[in-house]
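Take a look at the chain below. The report that follows walks through its side chains, one group at a time.

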Amino acid sequence: MNSRTLLDKLSTNLGLISSKIEIENANNNQSLNILFETPFLEILNKIFEYNLVNTNKLISNFPGIDGIDLENKVMVQVT
């Protein structure tokens, strides 16, 4: 698969995910936000060479921060 095809598939699928999350959030359903937290943190880890960990694995329902990398002193809010 060439890189243009791969980028097209990636952008299409990310657009679909984004739209689906937006629609479900409008209906007060945040289940996809929770489901995608860890995969998005893993993507950020690959892209930026972070070591982000889902904060909910450290403390259940961690307030305001979805991922934390103590080594690189980075915190992110994904949802």
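Phe40 is partly exposed, because its relative accessible area is 22%. The terms work like this: buried means under 20% relative accessible area, exposed means over 50%, and partly exposed lies in between (1.4 Å probe, protein chains only). This is a predicted model: local features need pLDDT of at least 70, side-chain atom pairs count only at pLDDT 80 or more, and totals for chains, interfaces and linings use all residues. Residues are numbered from 1 along each chain as its sequence is written, and side-chain values use heavy atoms, with hydrogens and water left out.

Phe36 and Phe40 both sit in helix α2, four residues apart, about one turn of the helix. Helices are DSSP runs (H or I, at least four residues), numbered from the N terminus.

How many aromatic pairs are there? The count comes to two. One of them joins Phe36 and Phe40: this pair is tilted, with 5.7 Å centre to centre and 40 degrees between the planes. Rings of Phe, Tyr and Trp (its six-membered ring) pair if their centres lie within 6.5 Å; planes under 30 degrees apart are stacked, over 60 edge-to-face, and the rest tilted.

Ile34 also belongs to helix α2, which covers residues 31-48. Is Ile34 buried or exposed? Ile34 counts as exposed, because its relative accessibility is 56%. Its C-alpha atom is separated by 14 Å from that of Ser18, 16 residues apart along the chain.

The structure holds two salt bridges. A salt bridge needs a side-chain nitrogen of Lys or Arg within 4 Å of a carboxyl oxygen of Asp or Glu.

| Salt bridge | N to O distance |
|---|---|
| Asp8 and Arg4 | 2.8 Å |
| Lys20 and Glu24 | 3.1 Å |

Asp8 and Arg4 both lie in helix α1, four residues apart, about one turn of the helix. Asp8 is partly exposed at 33%, whereas Arg4 is exposed at 55%. Lys20 and Glu24 are separated by about one helical turn, because they are four residues apart in helix α1. Lys20 is partly exposed at 45%, but Glu24 is buried at 17%.

**A nonpolar patch**

Leu7 is found in helix α1, residues 3-26. Together, Leu7, Leu10 and Leu14 form a nonpolar surface patch with about 270 Å² of accessible area.

Methods
Helices (H or I, at least four residues) and strands (E, at least two) are DSSP runs, numbered from the N terminus. Patches are made of residues with over 30% relative accessible area and no salt bridge: like charges are joined within 9 Å, nonpolar side chains (Val, Leu, Ile, Met, Phe, Trp, Tyr) within 5 Å. Accessible areas come from the Shrake-Rupley method with a 1.4 Å probe; for residues, only the protein chains shown count as cover.
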